[in-house]
Amino acid sequence: MTKHLELFWDDELRSLQEAVVSNKSVSLTFHFEKRMVERDIEMIDVVHAIMTGEIVEGFDIGEYPNYRNPDPLRNLIGEDLNGNKVTIGVALKNDSYCFTTLYSGVTDRLLYIFD
């Protein structure tokens with residue numbers, strides 16, 4: 001697990017939550033939208049997961065395995081409206097957030113957080 005700038009995760013999460021509530025400075029990638037459809041996750045569930053979640057992992061620019069990302073990335077785990085875990089990948093842009101990927105549940109490499 002990577003903890004890139006973990007000291008700032010609480011502030012980053014609050015800022016992300018404010019952006020989501022105000023519906024400003026937030027975008028979705030095609031990949032994210034595709035995963036929402038494939039995994040039958042509604043946007044209200046994404047919002048709820050962000051509001052109830054926490055950042056559990058962070059990657060610096062270019063640090064993500066097998067991919068050179070241009071922006072720092074954070075993985076957040078929260079709960080949908082039914083109480084099920086949802087994992088959300090978020091890119092931290094200059095003045096905005098871009099949702100990059102979405103999982104139902106928790107990826108295997110992050111399960112240890114709940115042990």
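Helices (H or I, at least four residues) and strands (E, at least two) are DSSP runs, numbered from the N terminus. With that in hand, welcome to this predicted model, where local features need pLDDT of at least 70, side-chain atom pairs count only at pLDDT 80 or more, and totals for chains, interfaces and linings use all residues. Residues are numbered from 1 along each chain as its sequence is written, and side-chain values use heavy atoms, leaving out hydrogens and water.

Let us start with helix α2, residues 30–38, followed by Asp40, whose phi is positive, near 50°. Phe32, Arg35 and Met36 of α2 are buried (under 20% relative accessible area; exposed is over 50%, partly exposed in between, with a 1.4 Å probe and protein chains only). They lie on the same side of α2 because they cover an arc of only 105° around the axis, taken from the directions from the helix axis to the C-beta atoms. On the other side, Phe30 and Val37 are exposed. The cover over the buried residues includes β1, α3, β4 and β5.

Next comes the sheet. Its 5 strands form an open sheet with mixed pairing, in the order β1-β5-β4-β3-β2; two strands pair if DSSP finds at least two bridges between them. At the edges are β1 and β2, each pairing on one side only. Between β4 and β5 the pairing is antiparallel, over 7 bridges, and Gly89 has Thr101 in β5 as its bridge partner.

Two helices pack on this sheet. Contact means heavy atoms within 4.5 Å; axes are lines fitted to C-alpha atoms, for helices over the stretch in contact, and angles run from 0 to 180 degrees between N-to-C directions.

| α1 (residues 9–22) | β1, β2, β3, β4 and β5 | about 110° with β2 |
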